[in-house]
Amino acid sequence: MELVTHKKFKSDRLMPWGKGTVVTGAKGFVYLCGNTATAADYDPAGKQGGRFAGDAAAQWLEVLGNIKADLEELGTALEHLVKLTFFVRGPFPDGGVLSSANFRLDVLDAFFAEHCPKHCSYNNPPPSEVIGVAALAQADIVIEIVAIAALPD
């Protein structure tokens, strides 16, 4: 088996995490890093930039678009997703993550309806977790999504 981790860049700056790891052999997978809707000027080492001044729906669309582009760059596609993990920032008015205005299944479904209908929640979506968190990397980020996809032969 061979593991190759691809570097993550923002505006030609190397980020302190990998974009994803490609596993090849009898079966292969692409493991993406957590995707957020940070701006192109994000410099986590310098603790500056990265703000995303958008509502939850805009952030979900940005993150899903990033995942689609990253998967395609690494040799797979949305149709090969095998798992998603959603980290949703509170508040949780009814005590659960699904009660948060930051959890946007409607946006997820609209994105998949356009780009990969088989993954809509009303079809056959990949397995996933929804995890509620108090904070993410930047104060105004409300969603982070981690994706795993199969690497086709």
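Let's start with two helices, H1 and H2, which in this predicted model pack at an angle of about 40°, their axes lying 9 Å apart. The crossing of H1 past H2 is right-handed. On the H1 side, the contact is built from Ala57, Trp60, Leu61, Leu64, Gly65 and Lys68, and H2 brings in Val107, Leu108, Phe111 and His115. What kinds of residues meet there, nonpolar, polar or charged? Seven of them are nonpolar, two are polar and one is charged.

Now for the core. The largest nonpolar core holds 31 residues, and Trp60, Phe112 and Ile145 have the most contacts inside it. Several elements each give two or more residues to this core: helices H1 and H2, plus strands S3, S4 and S6. Which of them gives the largest share? That's H1, with seven residues.

Here's where those elements sit along the chain:

| Element | Type | Residues |
|---|---|---|
| S3 | strand | 28–32 |
| H1 | helix | 56–73 |
| S4 | strand | 81–89 |
| H2 | helix | 105–115 |
| S6 | strand | 143–151 |

Trp60 is worth a look of its own. It turns up in the contact between H1 and H2, and it's also among the residues with the most contacts inside the core. If you skip its neighbours within four places in sequence, Trp60 touches Phe86, Asn102, Phe103, Arg104, Val107, Leu108, Ile143 and Ile145. Two of those partners, Val107 and Leu108, belong to the H2 side of the helix contact.

Next, the cysteines. How many disulfides does the model have? The count is zero. Take Cys120: the nearest cysteine sulfur belongs to Cys116 and is 8.1 Å away, so Cys120 is in no disulfide, as that would need the two sulfurs within 2.5 Å.

Is Cys120 buried or exposed? Cys120 counts as buried because its relative accessibility is 1%, and the cut-off for buried is under 20%. Cys33 is buried too, since its relative accessible area is 11%.

You'll find Cys120 in the loop between H2 and strand S5 (128–133). Leaving out neighbours within four places in sequence, Cys120 is in contact with Asp109, Phe112, Ala113 and Pro125. One of these, Phe112, is also among the residues with the most contacts inside the core. Cys120 and Ala110 are ten residues apart in sequence, and their C-alpha atoms are 7.9 Å apart in space.

Note on methods
Residues are numbered from 1 along each chain as its sequence is written. This is a predicted model: local features need pLDDT of at least 70, side-chain atom pairs count only at pLDDT 80 or more; totals for chains, interfaces and linings use all residues. Side-chain values use heavy atoms; hydrogens and water are left out. Buried means under 20% relative accessible area, exposed over 50%, partly exposed in between (1.4 Å probe, protein chains only). A nonpolar core is a set of buried Ala, Val, Leu, Ile, Met, Phe, Trp, Tyr and Cys residues joined through side-chain atoms within 4.5 Å. Helices (H or I, at least four residues) and strands (E, at least two) are DSSP runs, numbered from the N terminus. Contact means heavy atoms within 4.5 Å. Axes are lines fitted to C-alpha atoms, for helices over the stretch in contact, and angles run from 0 to 180 degrees between N-to-C directions. A crossing is left-handed if the near helix is turned anticlockwise from the far one by less than a right angle, and right-handed if clockwise. Ala, Val, Leu, Ile, Met, Phe, Trp, Tyr, Cys and Pro count as nonpolar, Asp, Glu, Lys and Arg as charged, and the others, Gly among them, as polar.
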